[in-house]
Amino acid sequence: NFFAKIAAGNIAILRSRDNHLLAERIGVLRSMSFYFASVAFYISTLIVDYSIYLYVVLFLSFTLASKRLSMLSSLGSALSAEWLISMGLLSMFPQYFELILEYGLFRATKDILSGLIGGTIFFIFQNKAIASSMQDGIVSGVAKYLNTGRPMANQHQTWRDLYVAYERSHYSPAFTLMLLYLSYVVLVADTGGG
């Protein structure tokens, strides 16, 4: 909720007249510094969210056109190589080395591997919350109020409550992406390539 609230507020910052005047009057280097110190994280998260859909649709389009990635030599090898080492995995190494120094190799490896799946799911959920709040702010021009205070200690949210809260922002886009991916897998199986 907190990141969604801040992300929606960043759209208001981007649309404000003060932001426009400030960026107009400071130089290019200070303007870039101002951008990266204020809204760049949220905009880059939104761009990553859009690029995931673009990536899947691009592969689906190539398959529909009966083009394999090996046939696209003019594009280089960027599309044909999977991104095995992403920035998320790369940024895990400093924590891994710190755990090795504190607890030893075996426990550090166990701790990193046990938290990998849960951490991945958490950050995917968090990035989707930021991106959907940015999208809502772009479309509506309004940052809706989100109560980010601490709830009652004994308050319980049912699965239904969580589904209703996140259906439009998380579940529907996930099902759409899964449908696009399954279409790609079926087409690749039918055409015998990918």
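Biologist: What separates Tyr181 and Tyr184 in helix H8?
Modeller: About one helical turn, because the two tyrosines are 3 residues apart in H8. Helices here are DSSP runs of H or I, at least four residues, numbered from the N terminus. The model is predicted, so local features need pLDDT of at least 70 and side-chain atom pairs 80 or more, while totals for chains, interfaces and linings use all residues. Numbering starts from 1 along each chain as its sequence is written, and side-chain values use heavy atoms, without hydrogens or water.

Biologist: Is Tyr184 buried or exposed?
Modeller: Tyr184 is buried, at 17% relative accessibility (buried is under 20%, exposed over 50%, partly exposed in between, with a 1.4 Å probe and protein chains only). Tyr181 comes out partly exposed, with a relative accessible area of 47%.

Biologist: And Ser169, which helix is that in?
Modeller: Ser169 also belongs to helix H8. Ser169 counts as buried, since its relative accessibility is 14%.

Biologist: What is Ser169 in contact with, leaving aside neighbours within four places in sequence?
Modeller: Lys128 and Ser132 (contact means heavy atoms within 4.5 Å). In H7, both Lys128 and Ser132 are buried.

Biologist: Switching to H7, then. How many residues does it have?
Modeller: Helix H7 covers residues 105-140, which is 36 residues. From first C-alpha to last, H7 reaches 51 Å, close to the 52 Å expected at 1.5 Å a residue (1.5 Å times one less than the number of residues).

Biologist: Where is the kink in H7 centred?
Modeller: On Leu116, with a kink of about 40° (the angle between axes fitted to the seven residues ending there and the seven starting there). Just after H7, Gly141 has a positive phi of about 80°.

Biologist: Which helices do the buried residues of H7 pack against?
Modeller: The partners are H1 (2-15), H4 (40-64), H6 (93-103) and H8 (159-191). The buried residues of H7 include Ala108, Ile112, Gln126, Ala129 and Gly137.

Biologist: What is in the largest nonpolar core?
Modeller: There are 9 residues: Ala7, Ile11, Val39, Tyr42, Ile43, Leu46, Ile130, Ala131 and Met134 (buried Ala, Val, Leu, Ile, Met, Phe, Trp, Tyr and Cys joined through side-chain atoms within 4.5 Å). At least two residues of this core come from each of H1, H4 and H7. Another core lies apart from it and has 5 residues, among them Met92, Tyr96, Ala108 and Ile112.

Biologist: And what does Leu46 touch?
Modeller: Not counting residues up to four places away in sequence, Leu46 touches Ala131, Met134, Gln135 and Ile138.
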